[in-house]
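Here is a short report on one protein chain. Start with its sulfur links, then move to the rings, the surface and some distances.

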Amino acid sequence: GHAKIVYFNTVYKNTFFLSLQIHEFNDICWEKCMDKPGTKIDTRTETCLNNCVDRFIDVSLLITNRFAQLLQKSAM
């Protein structure tokens, strides 16, 4: 009953928060890695974007796993 509602509400909020972070992180990576506008992305810029996004994914997974642990503890 109530525990399921709280759980789904928490998951929904975290999913929404994560999607907002993805958009923000895209902007951050773009600003960090794109030196000059152009029609092609060079190898250095592509590597920078990949590394930037990889770091974000690692952090997101860490946060998601931490939320899951907290939810499991609160459900007990």
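## Disulfides

The link of cysteine 33 and cysteine 48 is left-handed, with -70° about the S-S bond. It connects distant parts of the chain: cysteine 33 sits in helix H1 and cysteine 48 in helix H2, 15 residues apart. Helices here are DSSP runs (H or I, at least four residues), strands likewise (E, at least two), numbered from the N terminus. The sulfur atoms of cysteine 33 and cysteine 48 are 2.0 Å apart. Both cysteine 33 and cysteine 48 are buried. Buried means under 20% relative accessible area, exposed means over 50%, and partly exposed lies in between (1.4 Å probe, protein chains only).

How many disulfides does the structure hold? It holds two. The cut-off is a pair of cysteine sulfur atoms within 2.5 Å. A disulfide also joins cysteine 29 to cysteine 52, with S to S at 2.0 Å. The torsion about the S-S bond of cysteine 29 and cysteine 52 is about -85°, so this disulfide is left-handed. Cysteine 29 lies in helix H1 and cysteine 52 in helix H2, so the pair ties together parts 23 residues apart in sequence. Cysteine 29 counts as buried because its relative accessibility is 2%. Cysteine 52 is buried too, with a relative accessible area of 2%. Number the bonded cysteines of the protein chain in sequence order, and the pairing reads 1-4, 2-3.

## Basis of the model

This is a predicted model: local features need pLDDT of at least 70, side-chain atom pairs count only at pLDDT 80 or more, and totals for chains, interfaces and linings use all residues. Residues are numbered from 1 along each chain as its sequence is written, and side-chain values use heavy atoms, with hydrogens and water left out.

## Aromatic pair

A pair of aromatic rings is described by the distance of the centres and the angle of the planes. Rings of Phe, Tyr and Trp (its six-membered ring) pair if their centres lie within 6.5 Å; planes under 30 degrees apart count as stacked, over 60 as edge-to-face and the rest as tilted. By this rule there is one aromatic pair. Phenylalanine 25 and phenylalanine 56 form it, and the pair is stacked: 4.4 Å centre to centre, with 25° between the planes.

Which parts does the pair tie together? Phenylalanine 25 lies in helix H1 (residues 2-33) and phenylalanine 56 in helix H2 (residues 43-75), so the pair ties together parts that are 31 residues apart in sequence. Phenylalanine 25 and phenylalanine 56 are both buried.

## Surface of helix H2

Val59, Ile63, Phe67 and Leu70 make a nonpolar surface patch of about 290 Å². Patches are made of residues with over 30% relative accessible area and no salt bridge; like charges are joined within 9 Å, nonpolar side chains (Val, Leu, Ile, Met, Phe, Trp, Tyr) within 5 Å. A salt bridge is a side-chain nitrogen of Lys or Arg within 4 Å of a carboxyl oxygen of Asp or Glu. Areas come from the Shrake-Rupley method with a 1.4 Å probe; for residues, only the protein chains shown count as cover.

Valine 59 is placed in helix H2. At 45% relative accessibility, valine 59 counts as partly exposed. Aspartate 58 is also found in helix H2. Is aspartate 58 buried or exposed? At 54% relative accessibility, aspartate 58 counts as exposed.

Asparagine 9 is in helix H1. Its relative accessible area is 38%, so asparagine 9 is partly exposed. The C-alpha atoms of asparagine 9 and leucine 49, 40 residues apart along the chain, are separated by 33 Å.

Tyrosine 7 has its place in helix H1. Tyrosine 7 is partly exposed, at 40% relative accessible area. The C-alpha atoms of tyrosine 7 and methionine 34 are separated by 40 Å.
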